[in-house]
Amino acid sequence: LVLKAASPVFDGSKLIGVIYGAILLNRNFEMVDRIQDLVFRGEKYEGLDIGNATIFLKGTRISTNVRRADGSRALGTLVSDEVYRRVVEQGEPWIDEAFVVERWYFSAYNPIFDIGGNVIGILYVGILRDKYDEIKEETGITFAVTILFSASIAVLLSIHFGRKVHRPYRALLDSTRVLAEGRFAKI
């Protein structure tokens, strides 16, 4: 896959040539590493890059910072069939969770078009889901502890205030019973 540009060269109003420039993207990690640095700013989670980027030629990784378990770049690996159909065949973005090589990511895949409007590849950017799963779990635990603590306080307060309210009613009830039985001396 080649990213190229052309610019006309004029001598006055006469076209005298064209300057072409091109960058081969296959195995060129500078672009994907720069995307990763710009988007994720070098952030890591448990020693892993928080996010990554990939350029696909059709459905095959040709430039990536997605790593395999051995630390090598996952070149030559394929995009899933679902993503391929949506992005390459239909020319539409795909945004969802995706299992990328060895981990789950929140992922965005966008088509790369040639000058004629044909899909020739995919640009992928993903953010590691593990960090958000941990945050979600911690939030759930914090919420549960807060609810249990609040409920315990509410129960203790209701018992305390219930007793305070119950004592005068109990005294009134006892006095009424004594009066009903005719034992005026006890009052």
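How many of the residues of β6 are buried? In this predicted model, 4 of the 5 residues of β6 are buried, and the strand is mostly covered; buried means under 20% relative accessible area with a 1.4 Å probe, protein chains only. Residues are numbered from 1 along each chain as its sequence is written. Local features need pLDDT of at least 70 and side-chain atom pairs count only at pLDDT 80 or more, while totals for chains, interfaces and linings use all residues, and side-chain values use heavy atoms, leaving out hydrogens and water.

**The sheet**
- Five strands form an open sheet with antiparallel pairing, in the order β6-β5-β9-β8-β7; strands are DSSP runs of E, at least two residues, numbered from the N terminus, and two strands pair if DSSP finds at least two bridges between them.
- The edge strands, β6 (60–64) and β7 (94–100), each pair on one side only.
- From one strand to the next, the twist averages 35°, taken between N-to-C directions of lines fitted to C-alpha atoms, on a scale from 0 to 180 degrees.

- Strand β5 (residues 51–57) runs antiparallel to β6 and is joined to it by 4 bridges.
- F56 has R61 in β6 as its bridge partner, and I55 stands opposite S63 in β6.
- The hairpin has 2 residues between the strands, and K58 takes a positive phi near 55° there.

Note on methods:
Buried means under 20% relative accessible area, exposed over 50%, partly exposed in between (1.4 Å probe, protein chains only).
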